[in-house]
Amino acid sequence: MTAPPTVDRRPAPVVPPPAPVKRRVRRVRGGGLGTVVFLLPMLVVFGLFSWAPIVQSVVMSFQETNLVTAPTFVGLDNFRAVLADPLLWTAVRNTLWFAVLALLLGYPIPLVAAVLMSEVRRFKGLYSTLAYLPVVIPPVVAVLLWKFFYDASPTGVFNTLLGSVGLGPVPWLQDASTAMVSLVIEATWAAAGGTVIIYLAALTGVPPELYEAAEIDGASVWGKVWHVTIPRLRGVLLITFILQIVGTAQVFLEPFLFTGGGPANSTTTILLLIYNYAFANSLGGDYGSATALSLMLAVVLGVLSAVYFRLTRSWSAS
Amino acid sequence: MKSIAVLAVATAVLAACSGGGATSADGKTVVNVSLDPGLEQGAIDAFNARVAAFESANPTIDLVPREYKWDATTFTTQLAGGTLPDVFTVPFTDGRGLIERKQIADISGQVAALPYAGKFSKEVAKAGSTDNGKMWAVPIAAHGQALHYNRTLFTQAGLDPDKPPTTWDEIRADAKRIAEKTGQAGFAMMTSGNTGGWIATTLAYAFGGRTEQLDGDHAKSTVDSPEMVKALQAVKAMRWDDNSMGANFLYEWGTINQDFAAGRIGMYVSGGGNYGSLKAQNAMKPEDYGVAALPLTGGANAGVLGGGTLAAVSAKAPEPVKAAAVKWIDFYYLEKLTTKDAAVADAKTTADSGQAVGSPELPVFDKAAFDERMTWIAQYVNVPVKQMTPYTDKMFDQPLVPEPTRSTQQVYALLDPVVQSVLTDRGADIPGLLNGVQTQAQALLDKK
């Protein structure tokens, strides 16, 4: 049985012909040819340099290739090889350990700094500048500087400072138990400034009368922070929390430049493992495994991002 | 997601790139040739003069110099992206792997036609040849591993810099003394970027071991040999019993050279011809430098791990470019080893640009040809020759053993964490760690 044809019995509206200019605008807004022409350069650039390589990476994850001779399709072999690699689980553990340490160190420090700075009456700009300065320093330069500071001999910069108060020497990057912590300390120093600025901006949105009311109620400084500041910042706090997790899952620069993943793979992270698959072997690496692991990580981060959007929506609504 | 995207894009974009020579509008064969980056103007002029001379002798070939120097971190991307010059150089380590994977051009036909094709040193030729002896990459320089030492630290420690250690027990004793008397590392070792595996293999060879055994087409990994265990135990004793290995256990080639030249390391193992790099890149003071033969122990099987440089041609080069490329390899890289005028011109240019001439190296051909060339360039030698005699007096007598041939770099990479564990974990179980690597190494060799 077929549905009877629907007939619109309403009288056709009488529409005066639009002015030419208006029609052009409508065509652009309505997604006509004009829109496509305007979009074309961006679509070409985006498609050529962003989506095409990504699609090619996905294809490559099912191939065995050295990018010189013709590739061969190997089905899910690359995924199996990656999942069977004992280093993968070491890298996952290390990445999670980095994330935990980065949350413990890197999450509260900018918040505390921002709250303290917002309380300061004089030289506010100076403190903001000092807090943001590490962000301005090129990351590679910063890491090389810190590598020098982390010299594990008793005459190293940090060890000399520690030695002056009877501590150390600490092996810093040269021992599996301290290497990751050392990386996180530098990463926190390098990134905290940006987060401090976000918190400072959010803090300006907290109405002063709330603090006055809290003071009248006899709240201490801690009480004001706990009952006024943090609840008012919760949206920003959640965003920085999720962004930090996504960021730490992709940590690469610090282990790559500081330790190369050592000592004994104690700082090999997932992204460094991907890099090693692809580029550490000067004969041309295992590009199939590299793209397979990239794909798996992208899926995990995609799920995390979806959770993040869902959570932030419900937070915004509440 | 940004970093993943960048990596994904980097990997994929490489596939889209293309390279290789071509034919110019006037019908000439265009060949991209390698020129060392960062050269003084004099050296660039000298290179250009060689290019002009070649082009005048071969009017149908147009050479285009392109800056290139082999670097482990960039070579992979250049190779995969097809952005290497048509003629490029690689270390011996990579030769067999590149041939196995067909990532360089088969130039064996053209090489076989060269007048000296059959005169290459047998061991040296292996690095650039297939199992059945076809030469795909041409050896242009060779060296053996050696023990480099800082004469000034030796003196400060009360040791005689003219009598460097000749046994591993002496190395240990001298390292301990240097550490105690000067506060610097008595002995240091590379551990990162596959160099840990490279040096561990060097030590295993010196102790009489090997890391692979070839039986026809089958390769058996022997990275867990008793000799490798013994070598790493010697290192462990220096690190943990004597505390003579300093505080940096993440060295790679560049950083260990840097610290050695800066006087922070008493001794370390690296290629015998390393002085040139130490001088050019790390401002090594000639008076500090000494080099000695690597002590061999463990009987007749003990040997010095060899290394060197190969000239290769891009896999994407068409036939005319391949033929022209081999002509250039012959003209530029090998003529200075085989003819007097080219040898003298090259030595003069190198010396004039402030680079080292006369660093220890091993013959690419036979010893007689090597000695003859050394007499040609004698007046331009500018390295501290006398301080190198503890090595040069013995280097021809030591048995030279080529590097492992299968999955060499990958097995080195597997050994890096083992060496790092030995140096950073007092309780490191050497046989246990090597056993783990053995399984993975065998899997790599079986995969071939």
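This is a predicted model: local features need pLDDT of at least 70, side-chain atom pairs count only at pLDDT 80 or more; totals for chains, interfaces and linings use all residues.
Just after helix 4 of chain B, Lys102(B) adopts a positive phi of about 55°.

Helix 4 of chain B covers residues 92-100, and eight of its nine residues are buried, so the rest of the structure largely encloses it. The buried ones are Phe92(B), Thr93(B), Asp94(B), Gly95(B), Arg96(B), Gly97(B), Leu98(B) and Ile99(B). What sits over them? The cover includes strand 4 (87-91), strand 11 (304-313) and helix 17 of chain B.

**Helix 17 meets helix 9**

Helix 17 turns up again in a helix-helix pair. Two packed helices are described by the angle between their axes and the distance between the axes. Here helix 9 of chain B packs on helix 17 of chain B at about 85°, with the axes 6 Å apart. The two helices are therefore roughly perpendicular to each other, given that angles of 65 to 115 degrees count as such. From helix 9 of chain B, the contact takes in Gly196(B), Gly197(B), Trp198(B), Ala200(B) and Thr201(B). Helix 17 of chain B brings Val411(B), Tyr412(B), Ala413(B), Leu414(B), Leu415(B), Asp416(B), Val419(B) and Gln420(B).

| Helix of chain B | Residues |
|---|---|
| Helix 2 | residues 41-57 |
| Helix 4 | residues 92-100 |
| Helix 9 | residues 195-206 |
| Helix 17 | residues 408-424 |

**Chain B as a whole**

Zooming out, chain B has 18 helices and 12 strands. Its radius of gyration is 22 Å, close to the 22 Å that the globule rule gives for 448 residues, so chain B is as compact as a globular protein of that length. Along the principal axes, the C-alpha atoms of chain B fill a box of roughly 70 × 50 × 50 Å. As for burial, 54% of the 448 residues of chain B count as buried. And if you look at contacts in chain B between residues at least 6 apart in sequence, 79% of them join residues at least 24 apart.

Note on methods
Residues are numbered from 1 along each chain as its sequence is written. Chains are lettered from A and ligands numbered from 1 in the order in which they are written. Axes are lines fitted to C-alpha atoms, for helices over the stretch in contact, and angles run from 0 to 180 degrees between N-to-C directions. Helices (H or I, at least four residues) and strands (E, at least two) are DSSP runs, numbered from the N terminus. Angles under 35 degrees count as roughly parallel, over 145 as roughly antiparallel, 65 to 115 as roughly perpendicular and the rest as oblique. Two residues are in contact if their C-beta atoms, placed from the backbone, lie within 7 Å. The radius of gyration is taken over C-alpha atoms; the globule rule is 2.2 Å times the number of residues to the power 0.38. A residue is buried if 20 or more other C-beta atoms lie within 10 Å of its own, exposed if 12 or fewer, and partly exposed in between; C-beta atoms are placed from the backbone.
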